[in-house]
Amino acid sequence: MQFRHKIAGGDFAKAGNVASSLKKVLRQLNIDHTVSKRIVIALYEGEVNVVAHAYSGVIEVEIDEEKVKINITDKGPGIIDIEKAMKEGYSTATSQVREMGFGAGMGLSNMKKNSDLMKISSVPGEGTIVELLNYIRPDAR
Amino acid sequence: MQDKNQNRDFHHALNVHNDLCIGCTHCMSVCPTQAIRIRNGKAIISANRCVDCGECYKACPVSAIDVEQDDLEMIFRFPVRVILIPSVLIGQFPRKIMATSIYSALKEIGFTHIYEVENTVDMVLEANRKYMLEKKERPLISSYCPAIIRLIQVKYPSLVDNIMKVNPPIDMSAMYYREKLKSSGIPEEQIGLFYATPCAAKIAAIKSPVGEIESAVTGVINMNFLYNRILKYLQRKYTETEPPQTDDLLSSKGILWSLTRGELVHSNGRALAIDGIKNVNEFLDNIENEKFDKIDFLELRACDESCAGGILISGNRFLTVERLKNRAAEYRAREDDQSRKPAEGFLSVNEHGFLGNIGARPIGKLDEDISTALKKMERKRRLMCYLPGFDCAACGAPDCQTLAEDVVQGDAHISNCIFLQQQMTKQNLLSQEQAMRITGSIWGKERLEKNCNKLGAEDENN
(Lines give C-alpha, C1' and ligand atoms only; values in the text may rest on other atoms or scores of the structure.)
Protein backbone atom coordinates (compact mmCIF):
# COMPACT_ATOMS: atom_id res chain seq x y z
CA MET A 1 0.00 0.00 0.00
CA GLN A 2 1.35 3.39 -0.96
CA PHE A 3 0.83 6.90 0.29
CA ARG A 4 2.21 10.03 -1.32
CA HIS A 5 2.34 13.49 0.24
CA LYS A 6 3.65 16.76 -1.14
CA ILE A 7 5.33 19.20 1.23
CA ALA A 8 5.98 22.89 0.77
CA GLY A 9 9.29 24.31 1.99
CA GLY A 10 9.00 26.96 4.70
CA ASP A 11 5.47 25.99 5.85
CA PHE A 12 6.26 25.27 9.50
CA ALA A 13 2.63 25.29 10.61
CA LYS A 14 2.04 22.13 8.62
CA ALA A 15 5.29 20.39 9.53
CA GLY A 16 4.34 17.10 11.16
CA ASN A 17 1.01 16.58 9.40
CA VAL A 18 2.30 13.69 7.31
CA ALA A 19 3.77 12.04 10.41
CA SER A 20 0.42 12.46 12.20
CA SER A 21 -1.54 10.89 9.37
CA LEU A 22 0.92 7.98 9.15
CA LYS A 23 0.56 7.47 12.90
CA LYS A 24 -3.19 6.95 12.46
CA VAL A 25 -2.64 4.52 9.60
CA LEU A 26 -0.13 2.46 11.60
CA ARG A 27 -2.53 2.28 14.51
CA GLN A 28 -5.34 1.04 12.27
CA LEU A 29 -2.98 -1.62 10.95
CA ASN A 30 -2.44 -2.80 14.54
CA ILE A 31 1.29 -2.15 14.41
CA ASP A 32 2.87 -2.24 17.84
CA HIS A 33 3.15 1.28 19.22
CA THR A 34 6.81 0.91 20.16
CA VAL A 35 7.49 0.21 16.47
CA SER A 36 5.19 2.88 15.08
CA LYS A 37 6.54 5.47 17.51
CA ARG A 38 10.03 5.18 16.00
CA ILE A 39 8.67 5.40 12.46
CA VAL A 40 6.61 8.46 13.25
CA ILE A 41 9.51 10.24 14.98
CA ALA A 42 11.88 9.49 12.08
CA LEU A 43 9.33 10.71 9.56
CA TYR A 44 8.58 13.81 11.59
CA GLU A 45 12.27 14.75 11.61
CA GLY A 46 12.48 14.17 7.87
CA GLU A 47 9.39 16.27 7.28
CA VAL A 48 10.80 19.14 9.33
CA ASN A 49 14.08 18.94 7.40
CA VAL A 50 12.26 19.46 4.12
CA VAL A 51 10.24 22.34 5.54
CA ALA A 52 13.30 23.97 7.13
CA HIS A 53 15.84 23.55 4.33
CA ALA A 54 14.24 22.68 0.99
CA TYR A 55 11.94 24.43 -1.47
CA SER A 56 9.57 21.51 -1.90
CA GLY A 57 9.47 17.81 -1.31
CA VAL A 58 7.58 14.57 -1.71
CA ILE A 59 7.14 11.87 0.91
CA GLU A 60 6.32 8.38 -0.29
CA VAL A 61 5.36 5.70 2.19
CA GLU A 62 5.10 2.06 1.28
CA ILE A 63 3.69 -0.42 3.74
CA ASP A 64 3.58 -4.20 3.45
CA GLU A 65 3.28 -7.02 5.95
CA GLU A 66 6.93 -6.84 6.95
CA LYS A 67 8.12 -3.29 6.66
CA VAL A 68 7.44 0.41 6.28
CA LYS A 69 9.57 2.14 3.66
CA ILE A 70 9.68 5.91 3.51
CA ASN A 71 11.31 7.95 0.77
CA ILE A 72 11.72 11.66 1.29
CA THR A 73 12.79 13.44 -1.86
CA ASP A 74 13.31 17.18 -1.89
CA LYS A 75 14.34 19.98 -4.20
CA GLY A 76 16.67 22.18 -2.26
CA PRO A 77 20.24 23.17 -1.45
CA GLY A 78 21.29 19.55 -0.84
CA ILE A 79 23.85 18.46 1.74
CA ILE A 80 27.50 19.19 1.00
CA ASP A 81 29.05 16.96 3.67
CA ILE A 82 26.66 14.17 4.66
CA GLU A 83 28.99 12.69 7.29
CA LYS A 84 29.19 16.04 9.06
CA ALA A 85 25.43 16.56 8.77
CA MET A 86 24.80 13.22 10.49
CA LYS A 87 26.62 14.37 13.63
CA GLU A 88 24.47 15.35 16.57
CA GLY A 89 24.34 19.09 17.03
CA TYR A 90 25.63 19.97 13.56
CA SER A 91 23.18 22.34 11.92
CA THR A 92 23.03 24.66 8.95
CA ALA A 93 19.62 26.02 9.97
CA THR A 94 19.22 29.78 9.85
CA SER A 95 18.77 31.73 13.06
CA GLN A 96 15.10 32.33 12.17
CA VAL A 97 14.48 28.60 11.92
CA ARG A 98 16.25 28.05 15.25
CA GLU A 99 14.13 30.71 16.90
CA MET A 100 11.08 28.70 15.95
CA GLY A 101 12.45 25.78 17.92
CA PHE A 102 13.74 23.80 14.95
CA GLY A 103 17.25 23.27 13.60
CA ALA A 104 18.96 21.93 16.72
CA GLY A 105 21.12 19.66 14.57
CA MET A 106 19.47 16.48 15.81
CA GLY A 107 17.31 15.71 12.77
CA LEU A 108 19.41 13.27 10.78
CA SER A 109 20.91 11.53 13.80
CA ASN A 110 17.41 11.15 15.28
CA MET A 111 16.21 9.67 11.99
CA LYS A 112 19.07 7.17 12.03
CA LYS A 113 18.37 6.27 15.63
CA ASN A 114 14.67 5.68 14.91
CA SER A 115 15.01 3.67 11.71
CA ASP A 116 16.32 0.18 11.06
CA LEU A 117 18.01 1.24 7.84
CA MET A 118 18.68 4.73 6.52
CA LYS A 119 20.22 5.84 3.24
CA ILE A 120 21.00 9.39 2.27
CA SER A 121 22.07 10.75 -1.06
CA SER A 122 22.33 14.34 -2.10
CA VAL A 123 23.39 16.55 -5.00
CA PRO A 124 24.41 19.98 -3.73
CA GLY A 125 22.31 22.64 -5.39
CA GLU A 126 19.64 20.14 -6.45
CA GLY A 127 18.25 18.23 -3.53
CA THR A 128 18.35 15.31 -1.15
CA ILE A 129 16.84 11.84 -1.00
CA VAL A 130 16.46 10.10 2.35
CA GLU A 131 15.32 6.49 2.45
CA LEU A 132 14.09 5.05 5.73
CA LEU A 133 13.21 1.46 6.41
CA ASN A 134 11.60 0.01 9.51
CA TYR A 135 10.59 -3.57 10.11
CA ILE A 136 7.15 -4.08 11.57
CA ARG A 137 8.05 -6.91 13.92
CA PRO A 138 10.51 -5.60 16.46
CA ASP A 139 12.52 -8.86 16.31
CA ALA A 140 12.94 -8.73 12.53
CA ARG A 141 15.62 -6.03 12.61
CA MET B 1 -19.79 -2.15 16.03
CA GLN B 2 -15.99 -2.12 16.01
CA ASP B 3 -13.16 -3.54 18.07
CA LYS B 4 -14.85 -6.90 18.29
CA ASN B 5 -11.84 -8.55 19.81
CA GLN B 6 -11.81 -6.43 22.92
CA ASN B 7 -13.81 -7.20 25.98
CA ARG B 8 -16.90 -5.18 26.56
CA ASP B 9 -16.84 -4.91 30.30
CA PHE B 10 -16.18 -1.21 30.58
CA HIS B 11 -18.63 0.47 32.85
CA HIS B 12 -20.03 3.71 31.52
CA ALA B 13 -22.07 6.31 33.31
CA LEU B 14 -23.58 7.73 30.12
CA ASN B 15 -26.55 5.98 28.57
CA VAL B 16 -28.94 6.91 25.80
CA HIS B 17 -32.55 7.23 26.86
CA ASN B 18 -34.24 5.64 23.85
CA ASP B 19 -37.66 7.17 24.50
CA LEU B 20 -36.23 10.66 24.33
CA CYS B 21 -33.53 10.29 21.68
CA ILE B 22 -34.51 11.84 18.36
CA GLY B 23 -31.45 10.52 16.51
CA CYS B 24 -30.28 14.00 15.56
CA THR B 25 -26.47 13.48 15.21
CA HIS B 26 -25.47 16.31 17.58
CA CYS B 27 -23.85 13.90 20.04
CA MET B 28 -22.25 11.86 17.28
CA SER B 29 -20.52 14.90 15.80
CA VAL B 30 -18.94 16.07 19.06
CA CYS B 31 -17.73 12.69 20.32
CA PRO B 32 -13.92 12.85 20.53
CA THR B 33 -13.49 9.09 20.04
CA GLN B 34 -16.14 8.47 17.31
CA ALA B 35 -18.00 6.23 19.75
CA ILE B 36 -21.53 7.06 18.55
CA ARG B 37 -23.59 5.87 15.58
CA ILE B 38 -27.25 6.34 14.71
CA ARG B 39 -29.22 3.16 14.13
CA ASN B 40 -33.01 2.90 13.87
CA GLY B 41 -33.28 6.56 14.71
CA LYS B 42 -31.44 6.28 18.03
CA ALA B 43 -27.90 7.05 19.12
CA ILE B 44 -25.87 4.09 20.29
CA ILE B 45 -22.62 4.42 22.22
CA SER B 46 -19.78 1.92 21.78
CA ALA B 47 -18.56 0.74 25.17
CA ASN B 48 -15.02 0.20 23.95
CA ARG B 49 -14.63 3.69 22.58
CA CYS B 50 -16.50 5.83 25.10
CA VAL B 51 -14.31 7.69 27.61
CA ASP B 52 -17.23 9.18 29.61
CA CYS B 53 -16.16 12.75 28.83
CA GLY B 54 -19.78 13.93 28.61
CA GLU B 55 -19.49 15.91 25.37
CA CYS B 56 -22.59 14.07 24.09
CA TYR B 57 -24.53 15.00 27.21
CA LYS B 58 -23.74 18.66 26.66
CA ALA B 59 -24.61 18.52 22.95
CA CYS B 60 -27.94 16.70 23.29
CA PRO B 61 -30.84 19.10 22.55
CA VAL B 62 -33.49 16.86 24.13
CA SER B 63 -31.69 15.66 27.30
CA ALA B 64 -31.72 12.07 26.09
CA ILE B 65 -28.35 11.19 27.60
CA ASP B 66 -28.72 9.86 31.13
CA VAL B 67 -26.02 10.02 33.75
CA GLU B 68 -26.53 7.12 36.09
CA GLN B 69 -26.32 7.64 39.81
CA ASP B 70 -27.03 5.77 43.00
CA ASP B 71 -30.37 6.23 44.71
CA LEU B 72 -30.13 8.73 47.55
CA GLU B 73 -32.17 6.33 49.71
CA MET B 74 -29.17 4.01 49.57
CA ILE B 75 -27.31 6.20 52.08
CA PHE B 76 -29.77 5.28 54.84
CA ARG B 77 -28.50 1.72 54.81
CA PHE B 78 -25.50 3.05 56.72
CA PRO B 79 -25.54 4.52 60.24
CA VAL B 80 -22.51 6.65 59.33
CA ARG B 81 -23.24 8.54 56.12
CA VAL B 82 -20.28 10.45 54.75
CA ILE B 83 -20.55 12.83 51.82
CA LEU B 84 -17.34 13.84 50.11
CA ILE B 85 -17.94 17.14 48.36
CA PRO B 86 -15.58 18.63 45.78
CA SER B 87 -14.91 22.36 46.19
CA VAL B 88 -16.85 23.11 42.99
CA LEU B 89 -20.06 22.13 44.78
CA ILE B 90 -19.79 25.18 47.00
CA GLY B 91 -18.39 27.26 44.16
CA GLN B 92 -21.67 27.05 42.26
CA PHE B 93 -23.70 28.87 44.87
CA PRO B 94 -23.83 32.66 45.11
CA ARG B 95 -21.30 34.11 47.52
CA LYS B 96 -23.93 35.09 50.07
CA ILE B 97 -24.72 31.44 50.73
CA MET B 98 -22.15 30.42 53.31
CA ALA B 99 -20.34 27.09 53.16
CA THR B 100 -21.73 26.34 56.63
CA SER B 101 -25.32 26.73 55.34
CA ILE B 102 -24.55 24.27 52.57
CA TYR B 103 -23.12 21.88 55.15
CA SER B 104 -26.31 22.20 57.22
CA ALA B 105 -28.45 21.53 54.17
CA LEU B 106 -26.40 18.39 53.46
CA LYS B 107 -27.05 17.29 57.02
CA GLU B 108 -30.79 17.88 56.56
CA ILE B 109 -30.63 15.74 53.41
CA GLY B 110 -29.30 12.92 55.56
CA PHE B 111 -25.52 12.94 55.73
CA THR B 112 -23.83 12.65 59.11
CA HIS B 113 -20.28 13.55 58.10
CA ILE B 114 -19.29 16.15 55.54
CA TYR B 115 -15.76 16.36 54.18
CA GLU B 116 -14.34 18.26 51.25
CA VAL B 117 -12.66 16.02 48.68
CA GLU B 118 -9.61 18.25 48.47
CA ASN B 119 -8.78 17.88 52.17
CA THR B 120 -6.07 15.38 51.27
CA VAL B 121 -4.34 17.25 48.43
CA ASP B 122 -1.16 17.46 50.51
CA MET B 123 -0.94 13.69 50.40
CA VAL B 124 -1.54 13.72 46.64
CA LEU B 125 1.18 16.33 46.29
CA GLU B 126 3.60 14.24 48.32
CA ALA B 127 2.85 11.20 46.14
CA ASN B 128 3.24 13.32 42.97
CA ARG B 129 6.65 14.55 44.08
CA LYS B 130 7.85 11.06 44.94
CA TYR B 131 6.62 9.78 41.60
CA MET B 132 8.38 12.56 39.68
CA LEU B 133 11.66 11.79 41.41
CA GLU B 134 11.42 8.06 40.83
CA LYS B 135 10.21 7.93 37.23
CA LYS B 136 12.15 9.13 34.24
CA GLU B 137 9.24 9.37 31.77
CA ARG B 138 8.53 12.88 30.61
CA PRO B 139 6.16 14.58 30.32
CA LEU B 140 4.31 13.06 33.23
CA ILE B 141 0.58 13.42 32.85
CA SER B 142 -1.64 14.03 35.87
CA SER B 143 -3.99 11.19 36.79
CA TYR B 144 -6.55 13.67 38.14
CA CYS B 145 -9.13 13.61 35.34
CA PRO B 146 -10.53 10.11 34.67
CA ALA B 147 -11.81 11.06 31.21
CA ILE B 148 -8.25 11.98 30.25
CA ILE B 149 -6.88 8.66 31.56
CA ARG B 150 -9.43 6.81 29.44
CA LEU B 151 -8.75 9.03 26.42
CA ILE B 152 -5.05 8.15 26.65
CA GLN B 153 -5.82 4.44 27.04
CA VAL B 154 -7.90 4.33 23.87
CA LYS B 155 -6.42 7.06 21.68
CA TYR B 156 -2.82 7.57 22.81
CA PRO B 157 -1.71 4.07 23.86
CA SER B 158 1.97 4.98 23.59
CA LEU B 159 1.47 7.54 26.37
CA VAL B 160 -0.03 5.26 29.05
CA ASP B 161 3.35 5.02 30.77
CA ASN B 162 3.42 8.80 31.04
CA ILE B 163 0.34 8.84 33.28
CA MET B 164 1.35 9.55 36.86
CA LYS B 165 0.11 6.56 38.78
CA VAL B 166 -0.98 8.56 41.81
CA ASN B 167 -4.37 8.30 43.48
CA PRO B 168 -6.42 11.44 42.81
CA PRO B 169 -7.89 13.41 45.77
CA ILE B 170 -11.27 11.62 45.72
CA ASP B 171 -9.68 8.20 46.24
CA MET B 172 -7.12 9.51 48.67
CA SER B 173 -9.85 11.18 50.75
CA ALA B 174 -12.19 8.20 50.59
CA MET B 175 -9.43 5.94 51.92
CA TYR B 176 -8.30 8.50 54.47
CA TYR B 177 -11.74 9.08 55.99
CA ARG B 178 -12.62 5.41 55.93
CA GLU B 179 -9.49 4.67 57.95
CA LYS B 180 -10.03 7.65 60.23
CA LEU B 181 -13.61 6.64 61.04
CA LYS B 182 -12.61 3.02 61.53
CA SER B 183 -9.90 4.03 63.97
CA SER B 184 -12.50 5.97 65.97
CA GLY B 185 -14.20 2.62 66.61
CA ILE B 186 -16.90 2.57 63.92
CA PRO B 187 -17.21 -0.87 62.30
CA GLU B 188 -16.39 -0.72 58.59
CA GLU B 189 -19.77 -2.07 57.46
CA GLN B 190 -21.51 0.86 59.16
CA ILE B 191 -19.63 3.42 57.08
CA GLY B 192 -21.12 4.59 53.77
CA LEU B 193 -18.87 6.94 51.81
CA PHE B 194 -20.63 8.89 49.09
CA TYR B 195 -19.22 11.19 46.48
CA ALA B 196 -20.97 14.21 45.00
CA THR B 197 -19.73 14.03 41.44
CA PRO B 198 -19.45 16.93 38.98
CA CYS B 199 -19.11 14.64 35.96
CA ALA B 200 -19.79 11.23 34.40
CA ALA B 201 -16.14 10.25 34.12
CA LYS B 202 -15.72 10.18 37.90
CA ILE B 203 -18.72 7.87 38.19
CA ALA B 204 -17.23 5.47 35.66
CA ALA B 205 -13.89 5.70 37.48
CA ILE B 206 -15.52 4.69 40.76
CA LYS B 207 -17.71 1.94 39.29
CA SER B 208 -14.91 0.43 37.22
CA PRO B 209 -11.61 1.77 38.49
CA VAL B 210 -8.48 1.84 36.33
CA GLY B 211 -5.27 0.94 38.11
CA GLU B 212 -6.88 -0.11 41.40
CA ILE B 213 -8.98 -3.09 42.38
CA GLU B 214 -11.87 -1.50 44.18
CA SER B 215 -12.80 2.05 45.00
CA ALA B 216 -13.15 3.08 48.64
CA VAL B 217 -16.24 5.08 47.64
CA THR B 218 -19.56 3.33 48.40
CA GLY B 219 -21.82 5.29 46.07
CA VAL B 220 -22.14 8.32 43.85
CA ILE B 221 -24.68 11.13 43.96
CA ASN B 222 -24.85 13.47 40.98
CA MET B 223 -24.08 17.05 41.82
CA ASN B 224 -26.93 18.61 39.85
CA PHE B 225 -29.39 16.47 41.83
CA LEU B 226 -27.76 17.44 45.12
CA TYR B 227 -27.64 21.11 44.08
CA ASN B 228 -31.42 21.21 43.64
CA ARG B 229 -31.92 19.44 46.97
CA ILE B 230 -29.62 21.88 48.75
CA LEU B 231 -31.40 24.87 47.21
CA LYS B 232 -34.72 23.48 48.42
CA TYR B 233 -33.42 23.20 51.99
CA LEU B 234 -31.86 26.66 51.86
CA GLN B 235 -35.17 28.24 50.81
CA ARG B 236 -37.05 26.49 53.54
CA LYS B 237 -36.68 27.72 57.10
CA TYR B 238 -35.58 24.88 59.26
CA THR B 239 -34.64 24.75 62.87
CA GLU B 240 -30.90 24.81 63.32
CA THR B 241 -29.80 21.45 64.64
CA GLU B 242 -26.37 20.35 65.70
CA PRO B 243 -23.74 21.00 63.01
CA PRO B 244 -22.57 17.97 61.06
CA GLN B 245 -19.26 16.21 61.65
CA THR B 246 -16.50 17.77 59.63
CA ASP B 247 -12.87 18.79 59.91
CA ASP B 248 -10.77 21.82 59.09
CA LEU B 249 -8.21 20.40 56.67
CA LEU B 250 -9.30 22.50 53.70
CA SER B 251 -6.62 24.84 52.34
CA SER B 252 -6.47 27.47 49.62
CA LYS B 253 -4.44 24.93 47.66
CA GLY B 254 -7.24 22.39 47.94
CA ILE B 255 -9.97 24.86 46.99
CA LEU B 256 -8.21 25.62 43.71
CA TRP B 257 -7.01 22.06 42.98
CA SER B 258 -9.88 21.06 40.68
CA LEU B 259 -9.68 24.26 38.65
CA THR B 260 -7.41 24.79 35.65
CA ARG B 261 -3.80 25.31 36.84
CA GLY B 262 -4.79 24.04 40.29
CA GLU B 263 -2.23 21.24 40.18
CA LEU B 264 0.21 22.95 37.86
CA VAL B 265 1.21 25.70 40.28
CA HIS B 266 2.65 23.08 42.64
CA SER B 267 4.67 21.18 40.05
CA ASN B 268 8.38 21.42 39.47
CA GLY B 269 10.03 22.04 36.13
CA ARG B 270 8.31 23.02 32.91
CA ALA B 271 4.59 22.41 33.17
CA LEU B 272 1.50 23.16 31.11
CA ALA B 273 -2.21 23.12 31.94
CA ILE B 274 -4.70 22.33 29.17
CA ASP B 275 -8.46 22.12 29.56
CA GLY B 276 -11.18 21.10 27.11
CA ILE B 277 -11.04 17.66 25.50
CA LYS B 278 -10.53 19.04 21.98
CA ASN B 279 -7.53 21.05 23.14
CA VAL B 280 -6.16 18.03 24.95
CA ASN B 281 -6.60 15.88 21.83
CA GLU B 282 -4.73 18.36 19.70
CA PHE B 283 -1.91 18.69 22.21
CA LEU B 284 -1.49 14.96 22.80
CA ASP B 285 -1.22 14.40 19.03
CA ASN B 286 1.86 16.59 19.09
CA ILE B 287 3.25 15.05 22.26
CA GLU B 288 2.95 11.59 20.73
CA ASN B 289 5.02 12.71 17.73
CA GLU B 290 7.56 14.20 20.13
CA LYS B 291 7.00 17.55 18.48
CA PHE B 292 7.16 19.25 21.88
CA ASP B 293 9.86 18.04 24.18
CA LYS B 294 11.36 19.08 27.50
CA ILE B 295 7.97 19.31 29.19
CA ASP B 296 7.99 17.80 32.69
CA PHE B 297 4.34 17.87 33.71
CA LEU B 298 0.97 18.11 32.01
CA GLU B 299 -2.24 18.95 33.82
CA LEU B 300 -4.95 17.83 31.39
CA ARG B 301 -8.66 18.22 32.07
CA ALA B 302 -11.49 17.14 29.80
CA CYS B 303 -13.84 20.02 30.61
CA ASP B 304 -13.49 23.67 29.77
CA GLU B 305 -12.56 25.41 33.06
CA SER B 306 -11.84 21.94 34.47
CA CYS B 307 -14.29 20.66 37.10
CA ALA B 308 -16.12 24.00 37.25
CA GLY B 309 -17.27 23.07 33.73
CA GLY B 310 -18.31 19.53 34.69
CA ILE B 311 -21.51 18.36 33.01
CA LEU B 312 -23.31 17.99 36.36
CA ILE B 313 -22.48 21.51 37.53
CA SER B 314 -25.61 23.65 37.66
CA GLY B 315 -23.94 27.01 38.19
CA ASN B 316 -22.14 29.04 35.55
CA ARG B 317 -18.57 27.78 35.25
CA PHE B 318 -16.94 31.20 35.14
CA LEU B 319 -18.79 32.39 38.23
CA THR B 320 -17.89 29.13 39.97
CA VAL B 321 -14.21 29.79 39.28
CA GLU B 322 -14.62 33.35 40.57
CA ARG B 323 -16.21 32.25 43.82
CA LEU B 324 -13.58 29.58 44.42
CA LYS B 325 -10.78 32.06 43.80
CA ASN B 326 -12.35 34.41 46.33
CA ARG B 327 -12.81 31.58 48.79
CA ALA B 328 -9.17 30.53 48.34
CA ALA B 329 -8.01 34.11 48.91
CA GLU B 330 -9.96 34.22 52.20
CA TYR B 331 -8.34 30.97 53.29
CA ARG B 332 -4.89 32.12 52.21
CA ALA B 333 -5.16 35.25 54.34
CA ARG B 334 -5.80 33.06 57.38
CA GLU B 335 -3.19 30.42 56.60
CA ASP B 336 0.13 30.57 58.37
CA ASP B 337 3.30 28.75 57.43
CA GLN B 338 2.12 25.63 59.17
CA SER B 339 -0.49 24.59 56.71
CA ARG B 340 -3.11 22.11 57.89
CA LYS B 341 -2.07 18.62 56.97
CA PRO B 342 -4.04 15.38 57.13
CA ALA B 343 -3.17 13.60 60.35
CA GLU B 344 -0.41 11.04 60.02
CA GLY B 345 -1.15 7.48 60.92
CA PHE B 346 -4.50 6.93 59.20
CA LEU B 347 -3.12 6.49 55.74
CA SER B 348 0.38 5.99 54.43
CA VAL B 349 1.16 7.72 51.14
CA ASN B 350 3.73 5.07 50.30
CA GLU B 351 1.23 2.30 50.78
CA HIS B 352 -1.98 3.82 49.45
CA GLY B 353 -0.95 6.84 47.41
CA PHE B 354 -0.16 5.04 44.20
CA LEU B 355 -2.12 3.33 41.45
CA GLY B 356 -1.31 0.01 39.81
CA ASN B 357 -0.67 -0.53 36.14
CA ILE B 358 -2.76 1.37 33.60
CA GLY B 359 -2.96 -0.59 30.36
CA ALA B 360 -3.57 0.61 26.83
CA ARG B 361 -6.71 -0.51 25.04
CA PRO B 362 -6.33 1.09 21.61
CA ILE B 363 -9.36 1.62 19.42
CA GLY B 364 -9.58 1.75 15.68
CA LYS B 365 -7.43 -1.16 14.57
CA LEU B 366 -8.89 -2.67 11.44
CA ASP B 367 -7.75 -6.17 12.31
CA GLU B 368 -5.45 -8.07 14.67
CA ASP B 369 -3.69 -9.58 11.70
CA ILE B 370 -1.63 -7.14 9.71
CA SER B 371 -2.19 -8.60 6.25
CA THR B 372 -5.96 -8.57 6.80
CA ALA B 373 -5.68 -5.04 8.21
CA LEU B 374 -3.74 -3.95 5.12
CA LYS B 375 -6.44 -5.38 2.84
CA LYS B 376 -9.15 -3.63 4.82
CA MET B 377 -7.27 -0.37 4.69
CA GLU B 378 -6.83 -0.64 0.93
CA ARG B 379 -10.55 -1.22 0.61
CA LYS B 380 -11.28 1.72 2.88
CA ARG B 381 -9.11 4.01 0.78
CA ARG B 382 -10.88 2.81 -2.37
CA LEU B 383 -14.28 3.49 -0.78
CA MET B 384 -13.16 7.00 0.14
CA CYS B 385 -12.77 7.73 -3.58
CA TYR B 386 -16.56 7.44 -3.87
CA LEU B 387 -17.76 8.98 -0.62
CA PRO B 388 -18.31 12.75 -0.86
CA GLY B 389 -15.95 13.62 2.00
CA PHE B 390 -17.94 16.42 3.62
CA ASP B 391 -19.00 14.50 6.68
CA CYS B 392 -22.74 15.23 6.64
CA ALA B 393 -23.39 12.30 9.03
CA ALA B 394 -26.62 11.37 7.22
CA CYS B 395 -25.32 7.80 6.97
CA GLY B 396 -25.47 7.41 10.75
CA ALA B 397 -21.69 7.62 11.19
CA PRO B 398 -19.93 10.82 12.27
CA ASP B 399 -17.90 11.29 9.08
CA CYS B 400 -17.12 9.66 5.73
CA GLN B 401 -13.91 7.99 6.94
CA THR B 402 -15.68 6.39 9.87
CA LEU B 403 -18.42 5.10 7.54
CA ALA B 404 -15.76 3.63 5.26
CA GLU B 405 -14.16 1.92 8.27
CA ASP B 406 -17.54 0.61 9.44
CA VAL B 407 -18.16 -0.76 5.93
CA VAL B 408 -14.87 -2.67 5.79
CA GLN B 409 -15.62 -4.02 9.27
CA GLY B 410 -19.00 -5.24 8.08
CA ASP B 411 -20.89 -2.91 10.42
CA ALA B 412 -22.42 -0.67 7.76
CA HIS B 413 -23.21 -0.69 4.08
CA ILE B 414 -21.85 1.68 1.48
CA SER B 415 -25.44 2.50 0.43
CA ASN B 416 -25.95 4.08 3.86
CA CYS B 417 -24.43 7.14 2.19
CA ILE B 418 -27.34 9.16 0.80
CA PHE B 419 -25.24 10.47 -2.08
CA LEU B 420 -24.17 7.03 -3.17
CA GLN B 421 -27.77 5.92 -2.73
CA GLN B 422 -28.81 8.54 -5.30
CA GLN B 423 -26.13 7.32 -7.70
CA MET B 424 -27.11 3.72 -7.17
CA THR B 425 -30.83 4.31 -7.74
CA LYS B 426 -30.02 6.29 -10.86
CA GLN B 427 -27.99 3.38 -12.17
CA ASN B 428 -30.78 0.96 -11.20
CA LEU B 429 -28.52 -0.79 -8.69
CA LEU B 430 -30.97 0.05 -5.97
CA SER B 431 -34.75 0.38 -6.08
CA GLN B 432 -36.64 3.28 -4.47
CA GLU B 433 -38.06 0.83 -1.93
CA GLN B 434 -34.63 -0.49 -1.02
CA ALA B 435 -33.34 3.06 -0.59
CA MET B 436 -36.27 3.92 1.69
CA ARG B 437 -35.64 0.78 3.71
CA ILE B 438 -31.99 1.74 4.23
CA THR B 439 -32.95 5.24 5.30
CA GLY B 440 -35.45 3.72 7.70
CA SER B 441 -32.85 1.43 9.23
CA ILE B 442 -30.65 4.40 10.05
CA TRP B 443 -33.17 7.08 10.94
CA GLY B 444 -36.18 5.06 12.01
CA LYS B 445 -39.31 4.39 9.96
CA GLU B 446 -41.30 7.41 11.14
CA ARG B 447 -38.46 9.80 10.51
CA LEU B 448 -39.72 11.16 7.21
CA GLU B 449 -43.33 11.54 8.33
CA LYS B 450 -44.73 14.93 9.26
CA ASN B 451 -44.07 15.75 12.90
CA CYS B 452 -44.62 19.22 14.36
CA ASN B 453 -43.41 18.14 17.74
CA LYS B 454 -39.84 19.26 17.31
CA LEU B 455 -37.71 22.29 18.11
CA GLY B 456 -38.70 25.21 15.90
CA ALA B 457 -41.80 23.49 14.52
CA GLU B 458 -45.45 24.47 15.13
CA ASP B 459 -45.95 22.43 18.31
CA GLU B 460 -42.44 22.52 19.63
CA ASN B 461 -43.40 22.59 23.30
CA ASN B 462 -45.97 19.81 23.23
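Glu305(B) is placed in the loop that runs between strand 11 (297-301) and helix 12 (317-334) of chain B, where helices (H or I, at least four residues) and strands (E, at least two) are DSSP runs numbered from the N terminus. Although not a glycine, Glu305(B) has a positive phi of about 65 degrees. The model is a predicted one, in which local features need pLDDT of at least 70, side-chain atom pairs count only at pLDDT 80 or more, and totals for chains, interfaces and linings use all residues. Residues are numbered from 1 along each chain as its sequence is written, chains are lettered from A and ligands numbered from 1 in the order in which they are written, and side-chain values use heavy atoms, with hydrogens and water left out.

Most residues other than glycine have a negative phi, and most peptide bonds are trans. Ser63(B) also has a positive phi, near 50 degrees. Ser63(B) belongs to the loop between helix 2 (55-59) and strand 4 (65-67) of chain B and counts as exposed, at 55% relative accessibility (buried is under 20% relative accessible area, exposed over 50%, partly exposed in between; 1.4 Å probe, protein chains only). The peptide bond from Arg138(B) to Pro139(B) is cis, with omega near -10 degrees; Pro139(B) lies in the loop between helix 5 (121-134) and strand 7 (140-141) of chain B.

Arg178(B), in helix 7 (residues 169-183) of chain B, is buried, with a relative accessible area of 12%. When residues up to four places away in sequence are not counted, Arg178(B) touches Glu188(B), Ile191(B), Leu193(B), Ala216(B) and Thr218(B), contact being heavy atoms within 4.5 Å. Ile191(B) is 13 residues from Arg178(B) along the chain, and their C-alpha atoms are separated by 7.4 Å.

Chain A contains five helices and five strands, in the order β-α-α-β-β-α-α-α-β-β along the sequence. The radius of gyration of chain A is 14 Å, close to the 14 Å that the globule rule gives for 141 residues, so chain A is as compact as a globular protein of that length (the radius is taken over C-alpha atoms, and the rule is 2.2 Å times the number of residues to the power 0.38). Of the 141 residues of chain A, 47% count as buried.

Between the chains, 24 residues of chain A are in contact with 24 residues of chain B. The area buried between chain A and chain B is about 2,200 Å², with 54% given by carbon and sulfur atoms; buried area is the accessible area (1.4 Å probe) that two parts lose on being put together, summed over both. Met1(A), Arg27(A) and Gln28(A) supply 31% of the area that chain A buries against chain B, more than any other three residues.
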